[in-house]
Amino acid sequence: MRAFTYERLDGDSAARRRADTTDSAYVAGGTDLLQLMQEGIAAPRALLDVSRVGTDGVTAELDGIRIGAGTRLTDAIEDPTVAARLPLVAEALAASASPQVRNMATIGGNLLQRTRCLYFRDVTTPCNKREPGSGCPAQAGENRLNAILGGSAHCIATHASDLAVALVALDAEVIVERRNGERSIRLADFYRLPGDTPHRETHLEPGDLITAVFVPIAATGLSSRYLKLRDRASFEWSLVSAAVALKIDDGEVTAARVAAGGVGTVPWRLPMVEDRLLGRTIDVATLQLAAEAAAEGVDPRPGNAFKVPLLVNAVARALAAVADQELAR
Amino acid sequence: MNAPALSAVIGQPVSRVDGPAKVTGTARYAAEFVPDGLAYASVVSATIPRGRIRALDTSAAEGMPGVLAVVSHRNAPKLPYLERDQRPPVDPKSGDQLRMFQDDKVLFNGQPVAVVIADSQQEADAAARCIGIAYDETEPTTTFDPGRGRPPSEETAKGGRPGAAGRGDGAAGLAEAATTVDVTYVQAREHHNAIEPHATIAQWDGDSLTLYDKSQWVQNVVVEIAHVFGIEAGKIRVISPFVGGAFGSALRTWPHVTIAAIAAKMTGRPVRVELSRRQLYHSVGFRPHTLQRVRLGAAPDGRLTAILQDAAAQVATYEEYAETTLQPAETTYSCPNVATAYRLVEMDTNSPCPMRGPGIVTGLYALEAAMDELAVALNVDPVALRLKNHADINEKTGLPWSSKALKACYETAAERFGWADRIAAPRSMRIGTDLVGYGMATAIYHADRAPAEAEVILFANGTAVVRTAASDMGPGTYTSITQIAADELGLPVEAIRFELGDSTLPMAPVHGGSITLVSVGSAVAEACAAVRQKLEALTGEGSIAERLRANGLDRLAASAKASPGEETKRYASSAFGAVFVEVRVDEGLGTLRVKRMTGAYDVGRVINPKIARSQCIGGMMGGLGMALMEAAEWDPRFGKVMNANLAEYLVPVCADTPALDVTFVPSEDTVLNPLGAKGLAEIAICGVAPAIANAVFHATGRRQRHIPIRPEDLIGT
Amino acid sequence: MPVDSPVVPVALTVNGKPERLEVDPRTTLLDALRDRLHLSGTKKGCGLGQCGACTVLVDGRRVVSCLTLAVMNDGASVTTIEGLGTPDALHPMQAAFVACDAFQCGYCTPGQILSAVALIDEGHAGSDEEIREHMSGNLCRCGAYANIVEAIRTVAGQEG
Ligand SMILES: Cc1cc2nc3c(=O)[nH]c(=O)nc-3n(C[C@H](O)[C@H](O)[C@H](O)COP(=O)(O)OP(=O)(O)OC[C@H]3O[C@@H](n4cnc5c(N)ncnc54)[C@H](O)[C@@H]3O)c2cc1C
Ligand code: FES
Ligand code: FES
């Protein structure tokens, strides 16, 4: 690791020092940033510790649920409001990382974790995300873990967060503190597709501090399922995941929220799947037809083509599971 | 004292004697010694697969805080690297080992090219990243292309890894067969990934060198480093009381041990070299990527008429590591016609090395998967096919087995598993969305023994110390040897302290190949017998303590050496086993979970059933990883393993654990050694991967002829 | 204020004992424990959060000590394996690990034990399946998982 200065920030937002230069960074749980620093991928000269700025905790508000950016994943999972009204989020988090990492990692940090693409994580190989213009070896290399949706000739790295997949399905917003006030950015607009600037991953501006994520009331209290597929039974990022939340009234779908992980360069909402569900009467054929829309627009590589059927089947299975829950309600 | 002592502790499920040290964190592993003035090293690895170092800029690094030295080929001492009279069994028989910082050549991506030594690990690591290296690259050879395979050299062949072997006439046997299979299997490159990283602390005191090292063979480290530096072996001491797993990766003395000694010499400080997880993928060995073709022929009654097995394995360019991959083809079954062909495929990579069950596990994977295919082709039960072809003698050597209870293994495991409930047709068993598959395979691993020495000291306070330079990387050597000594001396386990892992102790062979218990155990038993003889020559009666005191002695010592004898010329020895597996496959989601595994083993006399069971369940988990997860993702463009960590190189986690059932069938092999044991580290991983692969076929009706078998292979179409 | 000096002070309570250290800010909690306090019972397996060998309790919660800086834990209370029991007076979980032979090489073991102690505290010892899932952040390459689960079940049963 390169030498850096360390400062612990407190709750006083007005006087706050900001990570607004390229060589400064916030650190919250540290569970991704320290990996990046140990492996020489990130080398900040100033580390601003935001773990005690007081942004932790979950609050049920009139128009939705707010999860503080500093909330540790474990605390979010165990929060009664999250458990009762955002089960999709709780399930996605419970399937993330390990108990130890969940005790450290924060909601804000989770959304900003960097990709697991093998080339990004190995500083000796080119990577456009790490070193713009150096190339993307994943295109014709080991791309089993890479994206089949949203990629470009410059980058096919997946976004690794499970939480973000659940949240994008729920129309969540990211609450950001800027020097001149607070902003709210829809998670759906928060991440950038790689295009020809894969090193720019979000629409955050230098110095922006995430203070919370907010899930609007309409997306809460839905029956849901986060189905995560991986090579081993636990402690692995998603190969493919499906986040599904539905409301079915009298056999008819009145709310459908579907997204997928492990497949997109950003957390991938599946509006086409939702369209094939909304207003329809639930039956096996409808669910299957809807799930098949998940494969719309895929651009697989030889190493990850298997993710296409896996995605469709995962979505189908998750839809069926939620439909069953709803019908049993 | 000639009659063996009444067995009071041997065979008992004694808890590990080193258990309290391990569970309290007081057991000390190589990186954890703290000599005064310890400095820290960070190794710099090459980033090209082949070429030369054109320029090396160390100026920035040298000026960084805390940095004591930067060592590379430019300033490292020229080392003699003397050739050893005889290469140790853990080293390749031909080629040249990697030499540290002796020239500007880069032979593979990841080769150590420099080392930074600093006051702290943080400072060393930071400086290591600031070393600028320019290379002249030459065209590397980085693809695994079996077409380029060449036979092993003469030295390697003489070492039991011939290019061709067999008996009878393979082609004729195949021609006369009523049923044949001809199939090709691929096995991925696998890494040991013991949880303890390799580490060495080197400390010079004048011209004497102490090394705290992660090692499965401390005395070989002494000889090796003596040859590298051209110094007397007597000046070197290697200490390694605990080894945090190794599975073969610490058999050899790897280059980082030399680096530690160079670094300590050049800084005049004790230096610690601890490799990062990423570095482990190119700094020690691995199980080589191997492709195998198996052709089997059988008569209508299922008797094998031919076994033809060819293997092509990757190998480094500078050194020739070869495996006994094709030995199971010659020994597992009775068959008049056997032909094997072994090829090595040179690549610019670090050198592979033995990994648990080396060679055998690889060959057995292909052979046992092919036997399953033959059973299907013949429409016979896989167990029945194996019984039909049971090898009553070792047909490779023509020698009788010193003991063999394989039939009992099949019978016991099948019974406990409930094999009779299997519906033979594939895809015929289901639970919910899961297809259910049952599969089985034979396990075999040759049982060897090597000379060993031990010393036993009795004390007047009624305790005893047993000493030998063995290692315990986890199989329980500390405990089982203590049990043997307890029985031989008639003392309680608590009264005995067993010292190992120090090169100054009596001679012990390598801690590998499942030979430790029988080799070292036999020496300890003899040393105990010798000391008892001395004791009996003393006057007086009563306990050991009483007799020593009666004779005015505060201690009584004896040493012994035990060696295998003529029996190895008259008998073949092997451990055997049968492994049965149930898998559940969800084709929609590409998920495969091993539900349960049953193994029955013939390992001779079991010294400690509790620890022996642990060995077996550990082997089963290792086999599960091999079958379903473990694969180095090699990118030929860079000539390196891309998933060089523990997040993307997957090994089983707790949630992957199936129900595991282990039985030891009654067996005793007093021919191999007086203890009657056969050793069991390797046998436990043998047969697991093919049993799983065979179960996957039974579940899905689709043959996967490669491991690992992953979601992409299973997802239904 | 930002700290520019090459070393910064850190106060920790380790196994009940107050410790004051001057550390290079780059020092992880793991390295501080192992290399500075010489509490080498906490193991380093990967340094990247991927193996669990470095698991300790910080303010009662299990964390991987390799992914947090010592300075980030200023004022925290840390429990390492050395704080649980001694060879002569084992903690019940340590005793159960010995009795169930829940390890081989022992290198992952301190991390497994701290994880196991925390797991019971968290209330995750309800079933073998739950134990297995909540122990999955601790790799054991020797493959002792089945015995680890048994050890935890035993202790949970005694406490429950
Ligand atoms: C072994 C392992 C396995 C894992 N498995 C999974 C998995 O299966 N699924 C999954 O989703 N994740 C997984 N993770 C990732 C883990 O969830 C993230 O590392 C974690 O959530 C990051 O949170 P943190 O607080 O530790 O972030 P840090 O590491 O502290 O920070 C991450 C990034 O976010 C920035 N940041 C942090 N907080 C803020 C803020 N408030 N405002 C602005 N910027 C901020 C930092 O500057 C940094 O760039 C795994 C991690 C590990 C180590
Ligand atoms: S060393 Fe911390 S998780 Fe591996
Ligand atoms: S006991 Fe060796 S890694 Fe767990």
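In this predicted model, the C-alpha centres of domain 1 and domain 2 of chain C are 21 Å apart. The domain assignment places domain 1 at residues 8-81 of chain C and domain 2 at residues 92-159. Domain 1 of chain C puts 16 residues into the contact, and domain 2 of chain C puts in 14 residues.

**Between the domains of chain C**

Domain 1 and domain 2 of chain C bury about 1,200 Å² between them. Carbon and sulfur atoms give 55% of that area. One salt bridge is counted between domain 1 of chain C and domain 2 of chain C. C:R62 pairs with C:E122 in a salt bridge, with 2.8 Å between the closest N and O atoms.

Which element gives the largest share of the domain 1 side? Strand β3 of chain C (residues 55-58) does, with three residues. By class, the domain 1 side that touches domain 2 of chain C holds five nonpolar, seven polar and four charged residues.

**Between chain C and chain B**

Chain C also meets chain B. Here 47 residues of chain C and 56 residues of chain B take part in the contact. The buried area is about 4,200 Å², and carbon and sulfur atoms give 58% of it. Three residues stand out on the chain C side. C:Q104, C:R141 and C:Y145 supply 19% of the area that chain C buries against chain B, more than any other three residues.

Five salt bridges are found across the interface of chain C and chain B. One of them joins the side chains of B:E32 and C:K43, at 2.9 Å from N to O. The count of polar contacts between chain C and chain B is 24 residue pairs, both at pLDDT 80 or more.

α1 (29-36), α2 (92-99), α3 (109-122), α4 (128-134) and α5 (145-159) of chain C each supply at least two residues that touch chain B. The chain C side divides into 20 nonpolar, 15 polar and twelve charged residues.

| Salt bridge | Distance, N to O |
|---|---|
| C:R62 and C:E122 | 2.8 Å |
| B:E32 and C:K43 | 2.9 Å |

Note on methods:
Residues are numbered from 1 along each chain as its sequence is written. Chains are lettered from A and ligands numbered from 1 in the order in which they are written. This is a predicted model: local features need pLDDT of at least 70, side-chain atom pairs count only at pLDDT 80 or more; totals for chains, interfaces and linings use all residues. Side-chain values use heavy atoms; hydrogens and water are left out. Domain bounds come from an automatic or database domain assignment. Contact means heavy atoms within 4.5 Å. Buried area is the accessible area (1.4 Å probe) that two parts lose on being put together, summed over both. A salt bridge is a side-chain nitrogen of Lys or Arg within 4 Å of a carboxyl oxygen of Asp or Glu. Helices (H or I, at least four residues) and strands (E, at least two) are DSSP runs, numbered from the N terminus. Ala, Val, Leu, Ile, Met, Phe, Trp, Tyr, Cys and Pro count as nonpolar, Asp, Glu, Lys and Arg as charged, and the others, Gly among them, as polar. A polar contact is a pair of N or O atoms within 3.5 Å; within protein, one must be able to donate a hydrogen and the other to accept it, and residues adjacent in sequence count only if both atoms are side-chain atoms.
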